[in-house]
Amino acid sequence: MAEPQESGGTPSAAIVPMVAMVLGADTPIGQRVALSLAINGARLALLGRNDDKDTMEQVARRAACLGSPSVDIHELDLASAQQPAGGSQSSEQTPPNENLHMAVETVLSRQGRVDIIVTGHNPCPRPGTTHPAEPSSAVWVRSETPPVTGILLATGSRNPLGLLSRPRFGPSELLKAAGALPGAVLTPADPHNLEPEAGNAYRGDPQRHPSYLVHCFKPFNGETPHQLLSDAWLTPAELFYVRNHLPVPTQLKAEAYRFELSGPGINGSPISISLEELKGGSWGAVSSRQAVLQCAGNRRAEMAAVKLVEGRAPWNHGSIGNALWTGVEVWRLLQKAGLQRTDEEAAAAGVPSSCAPSSCDSACHLVAEGWDFHAEGGKHFEVSIPLGKGMDPTGGVMLAWEMNGAPLLPDHGYPLRLVVPGFVGTRSVKWLKRLSLSPCFVGTRSVKWLKRLSLSASESSSAWQQKDYKILPQAFATLSKADFASMPPIMAMPVQSAILLPEPGSVIDASQVSAVWFRGYAWCGGGLPITRVDISADDGATWAIADVVEREGGGQGSDTAPDPNAPPQVGSKSWSWVKWQLPLQVPPVLRKSGGKWRVCCKAFNINCDSQPGTLASVWNFRGLACNAWHYVDIAVLPAAAG
């Protein structure tokens, strides 16, 4: 049987268009949500302030151009709608719940149903440490408007495409995405989930930049704006994506900080090491390295267009970043601590005897424990990597205290973190507490707030190791029957690329531009350099080669290789990304008539590995390691006749 065609998120012809009401369609976030819905064929009812009719009409025209079958405008007195419940109201004003009720009734009379209301009012107007209050209008709609099937709160990063594109969606599917369950991504409801929601646990979290695309506040999950990713070679620390699992440990101070190193082969184990000792070179030379970190869930929202996925955050393609890390390489630290290998074993492995793990030692995994703590479960965050990765002088693993030339921010692991280049971001443990050696494989990779490094004799029993960050076979659409013990955890990440600009839903006026610059990033785990990025404007029928404008060792990456398009040497390793760009001419048919323009990209690494063509081929219930061709759909307004 032929495999069903997967179009990267476009709804099939058999899907009945969703009827969506966009509350706050006059706001920037509401406009973006409305256009994203329109580009995928939703029937729209735009609700906005009654004093901004021009903006609403402009959004309606663009939505119609993008392919929405119908667009209605409803002007609301949102000034009165923002009054608290029970507050005083003028007798001349329509109560806000009645105001919304009338709009819903009007849409029902025209469309026969209302599938979902999306509120474009940003629920995170200021940085802070607590959950923002839910928009009062959404609360009223949920409690006062039974005909509405689901409520979706939009923060500018939530992706409604999964709801639109999943075949045969019904009320039950929409309800899964209602309220606190954003987008089409089902937040885990497992009682053993090690991510507490108790309000007081997060009262000490730091303030964050207001430009983050926030997916979750407790714990904080924030995505970097795509424009910034495109503009910056090194992602600014204050907007580098944040994927926390637990509250930020705020009690740590650099001047008093120490972590523990233990396990077989470590002289005097356990030993305590201060940050000052690391900075002073007592445990190895201080060095700096560029490296990308990428969340395992990067592009999860796209997978939701195929089928429901579970995950803490419906990431788009901005949970990735490149930074300059400064610290001490772990292999030097372990060598100084006494971990050695015989000359015979080293020769057989082709590595120096002074820096390779010994097969005589009982340890074969490096376990990292952070200071972030799960109070209810009584556990610190803990994961591991193969010891061979940590002891490889070319593996890039380091203990870092600086990011882009400045001390780590609290969200990124102050005062010390583990950085594991080429591996999934969760292996780079923040707020390091302990490092240990273990004969068993343990957990996720990049630990912040490092507490301990140890060489231990037992495998971690935490859910972060036993269940999280494992790719389930596609036969599993729930977790209940999954045999996690038979599945390896994610380590090195696959080849990846994405289009950063123009963003999905962008509108191009063909009267003003004849060509559009497409820009993005490409990266691969395992230290495998990117050799090429291809772009297609006809769904993969033909491809053009993009220009690599920045790469480590070329462009802004370094001054040692002025040509960023120079092919990397065989055997070389790269932990950073490449930036690419390509101008494409607006197709003549779109210049004449306007409509949707779909463009995709794919990258190749030095081993000639590339990205799968369809989202369906990489879908998994956890929504991890999405690396299918990356598509963007933009709208083209026709050139004026003349």
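Which residues of helix 2 are buried?

## Basis of the model

This is a predicted model, in which local features need pLDDT of at least 70, side-chain atom pairs count only at pLDDT 80 or more, and totals for chains, interfaces and linings use all residues. Residues are numbered from 1 along each chain as its sequence is written, and side-chain values use heavy atoms, with hydrogens and water left out.

## Helix 2

The buried residues of helix 2 are Thr55, Met56, Val59, Ala60, Ala63 and Leu66; buried means under 20% relative accessible area, exposed over 50% and partly exposed in between, with a 1.4 Å probe and protein chains only. Seen down the helix axis, these buried residues fall within an arc of 135°, so they line one face of helix 2. The arc is taken from the directions from the helix axis to the C-beta atoms. On the face turned away from the buried side, helix 2 carries the exposed residues Asp54 and Arg61.

Helices (H or I, at least four residues) and strands (E, at least two) are DSSP runs, numbered from the N terminus. Helix 2 covers residues 53–66, and its 14 residues should span 20 Å at 1.5 Å a residue, which agrees with the 20 Å between its end C-alpha atoms. The expected span is 1.5 Å times one less than the number of residues. Just after helix 2, Gly67 takes a positive phi of about 115°.

An open sheet of 4 strands has the order 22-24-28-27, with antiparallel pairing; two strands pair if DSSP finds at least two bridges between them. Strand 22 (496–501) and strand 27 (547–551) are the edge strands, each pairing on one side only.

Strand 27 is joined by 4 bridges to strand 28 (residues 578–585), and the two run antiparallel. Glu550 stands opposite Lys579 in strand 28.
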